[in-house]
Each structure stands twice: as C-alpha cells, then as structure tokens.
Amino acid sequence: MLQKALIPIAVFLVVLIALSFGETVGREVLSWIESITGLVLENFADVYYALHDYVSRHTNKIILALVLTIPISIWLLRNHGESLAKNASQRKIAIVLAIFLGWLGAHRFYLGQIGWGIVYLVIFWLFVPLVVVISLIDAIRYFFMTEEEFRPER
C-alpha cells in the first residue's frame with residue numbers, strides 16, 4: 001500500500017525536477033543547493049520562505065508537473081500494480097528514503113528509530129551538510145547489507 005502511494009510522489013518529483021532544471025542541470029542544482037544550505041543554516045522559517053518563493057515563481061511548472069503525474073501514475077499502477085502488491089523490502093524503502101529524505105531522518109523514522117530520527121533533525125537544524133553526508137552513508141550501508149544483516153538493526 002505504501003509503495004502505491006509513493007509512486008505518484010516520486011513521479012511528481014522527477015517531473016518537477018526535470019521541468020525546473022532541464023536546461024542547465026549542473027548550474028541550477030549547484031546554485032539550488034547553495035541557496036538552500038545558506039537559508040537553512042539560519043532558521044527553519046527561511047526554508048518556508050524559500051519554498052513559498054519557489055511556488056509563487058514557478059506555479060505553472062508545478063501545475064504542469066501535477067497534470068503529467070496523474071496519467072503517468074495511473075499507467076504505472078495499471079501495468080505494474082501486481083508487482084507493487086508484493087511485499088517490498090524494508091531495506092530497499094529505507095535506502096530510497098535515506099537518499100531523498102535522509103536529511104530529515106525519514107529513513108530512521110520509517111525503521112522505527114524515533115530517537116535517531118530526532119537526532120537527524122537536530123543535526124539538520126545545526127549543520128545541513130553533515131546530516132546529508134550521514135544519511136548518504138546510511139543509504140550506502142543499507143545497500144551493501146543483506147536482508148538478514150539488515151533485520152537486527154530494527
């Protein structure tokens with residue numbers, strides 16, 4: 001069930017990123033990372049203002065991404081729905097969460113490690129690049145673990 005809910009979100013993010021950074025991917029991504037880390041280091045209110053500013057400047061791109069997300073998600077669910085119904089590995093989901101939302105500790109919260117998730121949020125508030133590196137290290141660790149090695153960590 002969770003996998004079926006994550007597909008439209010993932011499709012939306014991919015389409016939105018492609019529309020936003022399609023022309024000059026490298027330059028835009030680097031400037032975006034620089035602007036986000038510069039804002040986040042001051043306080044969480046700046047993140048809200050940055051997102052609000054992005055939404056107000058790129059409303060058309062967001063609407064187009066949503067419109068494209070709907071048919072792509074329906075097609076994926078119709079053609080691959082039965083494979084999604086199979087139990088997905090918690091390790092694989094934790095890897096994806098660590099890569100994309102690890103800076104918020106989402107993979108730790110998903111695994112039931114609430115204390116570690118809160119530690120990630122505190123590190124995020126203090127120094128963003130550190131928590132990004134730590135979450136990528138977690139993703140790499142999870143990737144190279146077998147399912148048996150991953151289970152005791154829960």
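Biologist: Where is isoleucine 74 found?
Modeller: Isoleucine 74 is in helix α4, residues 59–85. Helices (H or I, at least four residues) and strands (E, at least two) are DSSP runs, numbered from the N terminus. This is a predicted model, where local features need pLDDT of at least 70 and side-chain atom pairs count only at pLDDT 80 or more, while totals for chains, interfaces and linings use all residues. Residues are numbered from 1 along each chain as its sequence is written, and side-chain values use heavy atoms, leaving out hydrogens and water.

Biologist: Thanks! Is isoleucine 74 buried, exposed or partly exposed?
Modeller: Isoleucine 74 has a relative accessible area of 38%, so it is partly exposed. Buried means under 20% relative accessible area, exposed over 50%, and partly exposed in between (1.4 Å probe, protein chains only).

Biologist: And how far is its C-alpha atom from that of proline 8?
Modeller: The two C-alpha atoms are separated by 8.6 Å, although isoleucine 74 and proline 8 are 66 residues apart along the chain.

Biologist: Let's zoom out. How many helices and strands does the protein chain have?
Modeller: The protein chain has nine helices and zero strands. Buried residues make up 27% of its 154 residues.

Biologist: Now the helix pairs. At what angle do α5 and α8 pack?
Modeller: Helix α5 (residues 90–101) and helix α8 (residues 128–144) pack at about 160°, with their axes 8 Å apart. That makes α5 roughly antiparallel to α8. Axes are lines fitted to C-alpha atoms, for helices over the stretch in contact, and angles run from 0 to 180 degrees between N-to-C directions. Angles under 35 degrees count as roughly parallel, over 145 as roughly antiparallel, 65 to 115 as roughly perpendicular and the rest as oblique.

Biologist: Which residues meet there?
Modeller: From α5, Arg91, Ala94, Ile95, Ala98 and Ile99 meet Ser135, Leu136, Ala139, Tyr142 and Phe143 of α8. Contact means heavy atoms within 4.5 Å.

Biologist: What about α7 and α8, what is their angle?
Modeller: Helix α7 (residues 114–126) packs with α8 at about 140°, and their axes are 6 Å apart. That makes α7 oblique to α8.

Biologist: Which residues of α7 meet α8?
Modeller: Tyr120, Ile123, Phe124 and Leu126 do, and their partners in α8 include Val128, Leu130 and Ser135.
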